[in-house]
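Subject: Structure for you to look at

Hello,

Here is the structure I said I would pass on. Please open it alongside this message.

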Amino acid sequence: MEENANTSLEEDFEGQATHTGPKGVINDWRKFKLESEDGDSLPLSKKEMLRQMSSPHRSFSRDDKDTRERFCRKMSMQEYELIHTAQEDESCLQQYRKRCMQDMHQRLSFGPKFGFVCELQNGEQFLEAVEKEHKTTTVIVHIYEDGVKGCEALNSSLACLAAEYPTVKFCKIKASSTGAGDRFSSEVLPSLLVYKAGELLSNFISVSEQFGEEFFAVDVEAFLNEYGLLPERELPALGNGTDEPDVE
């Protein structure tokens, strides 16, 4: 009788997963666990245990009382540990994946962080901001003057972009404070100067003419990206690897 029961169990086990609902999903997982285990490395007792767990609704004859009781019993500590080990393995895998993402993110965003627009007071500060910054840092300087069309809107746009691109150093300075006000008349304002490693990459004069009457941060962002002057956006902050979204 026991041999026939085992044979029947194996036949049931080889069938397709047809369980539905939470309990059915767990039973299907138990079957998958048994299939994925190496038959030589898995102890016979655990292999038999998984077979029992994977077919909890199997009916038996009245004479096979012991077998029926084994299939109807509550989950033992061994069964719990077997399932819990697999859950821990999956959790470790998720943590490992997130750790790799964090490491990659740190490598890509290497360098100082800012997140705001720095107001430069004079020409000396202008030179320091450009020449003494980290060689991997892009420095974008807005030369403006109060009352000049487009300057206020550009300052607001750069303030938004500074928060979106914290690895970029955004600065602004009044033309009259640069020490070279004669070179930055109102006709060429607002102007954007882009530096990296102390070298001038781009120089845009009357940059507001590139936009419409009204423009916003997204327009300035698209303009700078067109010339490849902005890095990739910052990745969202990653958790500690233990929080997973619920999937229904």
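Predicted model: local features only at pLDDT ≥ 70, side-chain atom pairs only at ≥ 80, totals over all residues.

An open sheet is made of 5 strands in the order 1-3-2-4-5, and its pairing is mixed. Strand 1 (117–119) and strand 5 are the edge strands, each pairing on one side only. From one strand to the next, the twist averages 25°. Strand 2 (residues 138–144) pairs with strand 4 (residues 191–196) in the antiparallel sense, over 6 bridges. Within this pair, I140 has V194 in strand 4 as its bridge partner.

The helices. Helix 7 (residues 151–164) lies across strand 1, strand 2, strand 3 (169–174) and strand 4, and runs at about 160° to strand 2. Helix 7 also meets helix 8: L154, S157, L158, C160 and L161 on the helix 7 side contact A217, V220, E221 and L224 on the helix 8 side. By class, this contact has 7 nonpolar residues, 1 polar and 1 charged. The two helix axes come within 8 Å and cross at roughly 75°. Angles of 65 to 115 degrees count as roughly perpendicular, so helix 7 and helix 8 are roughly perpendicular to each other.

The serine. S208 sits in the loop between strand 5 (199–204) and helix 8 (217–226). Is S208 buried or exposed? Its relative accessible area is 15%, and the cut-off for buried is under 20%, so S208 is buried. Leaving out residues up to four places away in sequence, S208 touches K149, G150, P190 and F215.

Regards

Technical notes. Residues numbered from 1 in each chain as written. Heavy atoms only, no water. Helix = DSSP H or I, 4+ residues; strand = E, 2+ residues; numbered from the N terminus. Buried < 20%, exposed > 50% of the residue type's maximum accessible area, 1.4 Å probe, protein only. Contact = heavy atoms within 4.5 Å. Pairing = 2+ DSSP bridges. Axes fitted to C-alpha atoms, helices over the stretch in contact; angles between N-to-C directions. Parallel < 35°, antiparallel > 145°, perpendicular 65-115°, else oblique. Nonpolar A, V, L, I, M, F, W, Y, C, P; charged D, E, K, R; others polar.
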